Amino acid sequence: MPIVSFTPHLKRHLECPPEEVSGETLGEAFHQIFELNPQLRGYVLDDQGALRQHVVVFIDDAVVRDRKRLSDPVNSDSEIFVMQALSGG
Amino acid sequence: MNDRFFAGTRKGLFHVERGDREWAIKKVDFLGDPVTMLLHDSRDGTLYASLTLGHFGVKLHRSKDNGETWTEVAVPVYPEGAVYASGQDEETGETETKPASLDEIWALEPGGPDQPGWLWAGTIPGGLFLSKDHGETWELVESLWNREERMGWFGGGKDRPGIHSVCVDPRDSQHVTIGISCGGVWETRDAGASWELIGEGLRAEYMPPNLQNSLNIQDAHRLSQCLSDPDKMWIQHHNGIFRSSNGAKNWTEMENVPPSSFGFAVSVHPHDGNTAWFVPGVKDECRIPVDNQLVVTRTRDFGESFEVLRNGLPQDHCYDIVFRHSLDVDSSGDRLAMGSSTGGLWVTEDGGDSWSTISNTLPQIYCVQFAKSQPGS
């Protein structure tokens, strides 16, 4: 099962422990996370469902490419990290 | 008289209170986070703070116990597919658009006393939102969003158009007048069901001559309404100061205002629409105080004359600018608080004749607001 982990910066604002999810794309993985924690969605995605400008996501140490449709593939043992981009600091 | 006010800053929400003799900062909430808008709702005492987090977007928090505890509530969300005008195609001239997502809550105002729980939120990029449940849920005011004129709005001060002023008529809470940078002045008389673009007499120096009087591109930096005489309104515009005596329908430009008519903030006396305060800068291309001396200008005769008030304000090497939401007058009209772009915070108890410094070293200040009592109480 892929695991999604979050930057400690987010933990200042809300609880977001690592979660095991299923799904074949980042979008599907996020969908499960946001069902568990609806408040988290607005911290990671903008109003149109794209990654926020100053949020960066890694899947198995590679930066996510499709920031709008979140179609990057996720494997069953993938590690997904949601981080703050230094550009937004 | 109000003995408390709040300052929203780049590094937190500051609570300021008057002691026996002096004003002092009592505590800071959201330390380290940008608090870019706040509202103390005089109808029920609820305090709202809007945070614009650099990484994670806009968050709205609500406190019913003067900031002892806070609850995060919903923020306005632009609906799927919503777009704003981002420019024009170089070849075809057609309007180009980008997806609309909440950049900032730029105005937060309560509805009328007959509308408990109603909140109006003016936002960037140009959407007006209404909550009827103390911010638990929000709805885009589509009657304004869907007006074709909106695609002619553009950014002023910010990269994208924004609604910075929402004036709810104290006589009739269905009547709301808003100011947009840059999108002119609009009013509704049916609580947002329909809108009319108003503001004859405003002038936009930054446009070509034939477009300077267009209503839809005016850059009112701030729109302020007299509570006891609501037909009297004032605008600090990008290129001047304007007054209206018929509820924003028509405007007259004030000329030869010393030392300058450029600025961002305006506050109107709650009991006297002839009295208003402004904080001038040199000009749009040089946003510093004239002669590096911070002053407040005041008119008490509906703009026939202006006084320059400087007693207690820095008069040497001062580069502070007071943003559009950072000058507020209290319920009495005697006390004003003012915060600056470089962290200066001042208060007056005599209508601006003399000022006291609370701090010169705060973070950048975005907004200042008194904790006002219910009108009439």
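Predicted model: local features only at pLDDT ≥ 70, side-chain atom pairs only at ≥ 80, totals over all residues.
As for its position, B:T46 sits in the loop of chain B that runs between β4 (35-40) and β5 (47-53). If we set aside the neighbours within four places in sequence, B:T46 is in contact with B:D41, B:R62, B:K64 and B:H134.

How does the radius of gyration of chain B stand against that of a compact globule? For 377 residues, the globule rule gives a value near 21 Å, and chain B has 19 Å, so the two agree. Of those 377 residues, 50% count as buried. As to contacts within chain B, consider those between residues at least 6 apart in sequence: 50% of them join residues at least 24 apart.

Four strands of chain B form an open sheet, in the order β14-β15-β16-β17, with antiparallel pairing. Its edge strands are β14 (162-168) and β17 (196-198), each of which pairs on one side only. From one strand to the next, the twist averages 30°. Looking at β14(B) in detail, we find six bridges to strand β15 (residues 176-181) of chain B, and the two run antiparallel. Within this pairing, B:G162 stands opposite B:S181 of β15(B).

Next, the backbone geometry. Where are cis peptide bonds found in chain B? One joins B:I124 and B:P125, with omega about 20°. B:P125 is placed in the loop between β11 (119-124) and β12 (128-131) of chain B. Another cis peptide bond joins B:P258 and B:P259, where omega is about -10°. The loop that holds B:P259 lies between β21 (252-254) and β22 (262-269) of chain B.

Positive phi values deserve a word as well. In chain B, B:H317 has a phi of about 50°, although the residue is not a glycine. B:H317 belongs to the loop between β25 (307-309) and β26 (327-329) of chain B. Is B:H317 buried or exposed? B:H317 counts as exposed, because 7 C-beta neighbours fall inside 10 Å. In chain A, A:D61 is likewise not a glycine, and its phi is positive at about 70°. A:D61 lies in the loop between β3 (55-59) and β4 (62-63) of chain A. With 7 C-beta neighbours inside 10 Å, A:D61 therefore counts as exposed.

That brings me, finally, to the interface between the chains. How many residues of chain A are in contact with chain B? There are 16, and they meet 13 residues of chain B. On the side of chain A that touches chain B, α1 (8-11) and α3 (41-44) each supply at least two residues. By class, this side of chain A has nine polar, four nonpolar and three charged residues.

Conventions. Residues numbered from 1 in each chain as written. Chains lettered and ligands numbered in written order. Contact = placed C-beta atoms within 7 Å. Nonpolar A, V, L, I, M, F, W, Y, C, P; charged D, E, K, R; others polar. Rg over C-alpha atoms; globule rule 2.2 N^0.38 Å. Buried ≥ 20, exposed ≤ 12 C-beta atoms within 10 Å, placed from the backbone. Pairing = 2+ DSSP bridges. Axes fitted to C-alpha atoms, helices over the stretch in contact; angles between N-to-C directions.
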